[in-house]
Amino acid sequence: GQRVVPLNTWVLISNFKLAYNLLRRPDGSFNRDLAEFLDRKLPANTNPVDGVFSFDHLDRSTGLLNRVYRPESQLGPPTAPIDLENPLSTTAVVPVIVFFHGGSFTHSSAGSAIYDTFCRRLVPLCGGAVVVSVNYRRSPENRYPCAYDDGWAALKWVKSRPWLRSGKDRNSSDVHVYLAGDSSGGNIAHHVAVKAAEAGISILGNILLHPMFGGEARTESEKRLDGKYFVTVQDRDWYWRAFLPEGESRDHPACNVFGPRSKNLEGMKLPKSLVVVAGLDLIQDWQLAYVEGMERTGNQVKLIFLQDATIGFYFLPNNQHFHCLMEEIKNFVSAA
Amino acid sequence: MDELLAVLGYKVRSSDMADVAQKLEQLEMAMGTAQDDGISHLACDTIHYNPSDLSGWVDSMLSEFTNPPDDSEYDLRAIPGVAAYPQADESDKDSSPAAVSSPSSSSSPPPPIAAAAAPSSALIAEPTRPVVLIDSQEAGVRLVHTLLACAEAVQQDNVKLADALVKHTGLLAASQTGAMRKVATYFAEALARRIYKIYPQDCLDPSYSDTLEMHFYETCPYLKFAHFTANQAILEAFATANRVHVIDFGLKQGMQWPALMQALALRPGGPPAFRLTGIGPPQPNNTDNLQQVGWKLAHLAETIGVEFEFRGFVANSLADLEPEMLDLRPADVEAVAVNSVFELHRLLGRSAGMDKVLSTIKAMKPKIVTVVEQEANHNGPVFVDRFTEALHYYSSLFDSLEGSTASQDLVMSELYLGRQICNVVACEGGDRVERHETLTQWRARMESAGFDPVHLGSNAYKQASMLLALFAGGDGYRVEENNGALMLGWHTRPLIATSAWQLAR
């Protein structure tokens with residue numbers, strides 16, 4: 001496995017793998033204290049770094065925390081650094097990317113260094129977009145549908161901020177949202193998009209980075225790649241058992257989105273989707289089935305299949321897949 | 001140092017990368033075997049230190065999985081701060097070892113990380129300003145801006161403008177509620193004092209300020225966390241000593257020591273002889289606060305069977321302390337711990353004070369030095385920056401208090417913090433004693449003074465988390481590990497930091 005990724009990437013992801021092995025208990029419980037101890041975090045920072053500043057926002061009534069990333073150009077003077085009143089722009093559309101971090105519904109947070117770093121990259125990449133990283137509740141302490149509820153709450157919060165609005169003129173002012181996420185975050189992005197479509201809330205696009213889907217069946221890719229590139233079928237099963245309601249199977253609609261128990265997505269007018277699949281990810285067959293299902297139900301989807309990419313290829317900017325991904329995201333967000 | 005991993009919080013030398021990779025492979029094999037043999041409990045019981053030092057972490061994990069575990073080492077259980085002075089109780093003496101024996105770990109404290117990573121200058125390039133906004137602050141954004149504009153006017157000596165703005169702040173604050181209103185009021189008052197040069201008389205009766213601190217201690221977990229984490233480090237340092245001496249730089253009501261004494265009493269093999277030297281400011285009316293605290297602790301020591309000796313020292317400043325005054329005994333006879341909770345920053349107002357104290361500490365030849373400080377830079381040279389830092393810091397602190405229920409305690413706690421705010425904003429020179437600095441700054445200072453870090457581990461982390469669950473009113477408190485130090489914060493904003501030190505080899 002070491003040859004496929006740069007050495008430091010291999011070290012990083014292997015470290016996660018081993019640490020995570022320590023944290024998952026056979027009885028389904030999770031060593032949350034040790035997980036938080038081991039997680040490397042970064043604080044929000046209103047002093048700009050590489051052209052991006054950030055701050056955290058806490059909704060007292062729900063306890064939900066979002067981390068907001070903005071370009072330095074939006075920073076006000078020292079006496080009024082964070083503008084929470086005026087729209088982002090009255091002459092142009094400024095995208096707001098609502099990002100759901102990965103971690104198989106269990107690990108990481110908006111403050112995790114890997115995700116803080118990733119979100120920061122998206123700001124200049126998408127021409128000075130705002131990124132809102134959602135600190136959703138995690139399993140096994142908070143099972144389905146908590147993560148989706150939090151995603152939905154975050155979307156409504158974002159949509160209702162006057163200071164996230166933009167538009168070519170005052171009359172077309174709106175909060176222009178893209179949903180994005182990796183692994184479990186991609187799964188959350190999908191479900192939030194569905195809910196938004198049902199509620200008539202406009203989302204401009206979905207970016208799903210090796211999204212976490214599954215089902216009871218064992219697909220060919222799962223068998224072929226089991227344990228080969230950092231991930232095992234056994235650990236995937238553990239995370240689904242930790243997230244889904246107790247006793248549920250992986251054909252639950254949260255997991256198996258085009259499975260026997262799922263909602264029919266035909267005619268739903270879901271936002272256009274960019275789905276990125278890593279060719280060495282063992283759940284790729286589920287992701288490809290997702291893409292196929294979206295096409296079949298008349299929803300616009302673009303697949304990026306990265307042949308020899310492993311999970312987490314986007315954590316470090318040291319490989320071609322990373323750069324390819326960044327280019328695709330940039331084009332996806334800027335297209336009208 | 002591999003720069004890409006450094007950004008993600010892992011310090012690995014590029015030259016070590018292949019070695020770390022190989023060890024990770026070995027570790028995977030060892031863990032796989034462990035699980036097959038059903039000894040994966042090792043995973044739960046291992047004490048982890050400083051995850052940022054990936055090489056060190058992998059090494060220690062490898063030795064856990066490939067070597068059989070040694071004798072147990074106890075560690076401090078969360079002993080409720082409420083029971084600081086418990087009733088004399090026979091059962092205390094008879095607590096079964098099972099109550100304290102910890103799961104196995106290495107038999108001695110881990111060696112200091114060999115590559116004692118000097119703070120990488122690439123990583124501390126810019127000061128960080130972590131801001132957590134509470135939804136009410138969106139509504140209060142004008143209030144914040146007015147306060148900041150006022151501070152700016154003060155810095156520019158524009159008295160007329162500052163005066164107008166501070167009055168306007170009063171109006172805006174009145175329309176706010178909760179923590180926002182209180183914080184704004186304290187900051188506005190402090191600004192007014194600075195503008196009109198009505199400086200607060202800090203000749204406050206120390207017993208009054210101790211009372212305020214007691215309320216703060218009861219209302220929220222910050223002081224309990226400070227005591228708990230410092231005690232954990234002290235306990236580990238004292239593990240094999242038969243005679244121990246703690247020098248407390250700010251004894252106050254001695255709230256930190258009953259828990260340590262109880263843990264020492266329950267040590268397998270029996271407690272060491274415990275000597276405490278408590279330092280405090282001069283008292284008015286000739287009351288000897290230090291002796292009174294000493295008596296209380298002596299009484300406790302007697303009930304729990306710990307040989308105890310106490311000495312109090314009155315000092316205007318820690319810089320007045322000389323090692324000869326302390327009756328220090330040879331290091332092989334008595335292990336020394338120096339403990340400072342929110343005391344060291346007070347020395348930064350006078351030149352050479354800090355250097356003197358750090359030399360004095362070194363002359364005490366301590367086994368361990370525990371330092372707890374506010375995690376904020378309230379000592380910058382530029383007034384507006386200091387003001388802004390403090391505004392965000394105390395906003396988070398006041399927000400965290402909003403969850404607590406005892407309203408009497410809350411008011412007193414707010415007063416306690418309000419005095420700090422006043423000092424940071426209204427005072428200058430020798431009067432400004434609340435010169436808080438960040439862990440990064442303290443690290444640099446301690447390391448250049450000749451100290452090496454002693455890392456606090458996952459056991460201390462876990463127990464600190466448990467302590468929070470027991471006592472904290474709100475569930476926004478977070479413990480965070482930072483390169484071997486532990487920080488307690490409100491949501492994502494760290495507010496206090498505990499670090500431990502030893503003399504550099």
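Predicted model: local features only at pLDDT ≥ 70, side-chain atom pairs only at ≥ 80, totals over all residues.
Colleague: Are helices α7(B) and α8(B) roughly parallel or roughly antiparallel?

Modeller: The axes of α7 (residues 141-155) and α8 (residues 159-174) of chain B come within 9 Å and cross at roughly 160°. Angles over 145 degrees count as roughly antiparallel. The crossing is left-handed. The two helices, α7(B) and α8(B), are therefore roughly antiparallel.

Colleague: Where is the residue Pro140(A), which a cis peptide bond joins to Ser139(A)?

Modeller: The bond between Ser139(A) and Pro140(A) has an omega of about 0°. A cis peptide bond also joins Tyr144(A) and Pro145(A), and Pro145(A) is placed in the loop between β4 and α4 of chain A. Pro140(A) is found in the loop between β4 (130-134) and α4 (146-159) of chain A.

Colleague: Is Phe230(A) buried or exposed?

Modeller: Phe230(A) sits in the loop between α6 (220-225) and α7 (233-243) of chain A, and its phi is positive, near 75°. Buried means under 20% relative accessible area. The value for Phe230(A) is 11%, so this residue is buried.

Colleague: What is the relative accessible area of Asp327(B)?

Modeller: Asp327(B) belongs to the loop between β4 (308-314) and β5 (335-341) of chain B. Its phi is near 55°, a positive value in a residue other than glycine. Asp327(B) is partly exposed, because its relative accessible area is 37%.

Technical notes
Residues numbered from 1 in each chain as written. Chains lettered and ligands numbered in written order. Heavy atoms only, no water. Axes fitted to C-alpha atoms, helices over the stretch in contact; angles between N-to-C directions. Helix = DSSP H or I, 4+ residues; strand = E, 2+ residues; numbered from the N terminus. Parallel < 35°, antiparallel > 145°, perpendicular 65-115°, else oblique. Left-handed = near helix turned anticlockwise from the far one by under 90°. Buried < 20%, exposed > 50% of the residue type's maximum accessible area, 1.4 Å probe, protein only.
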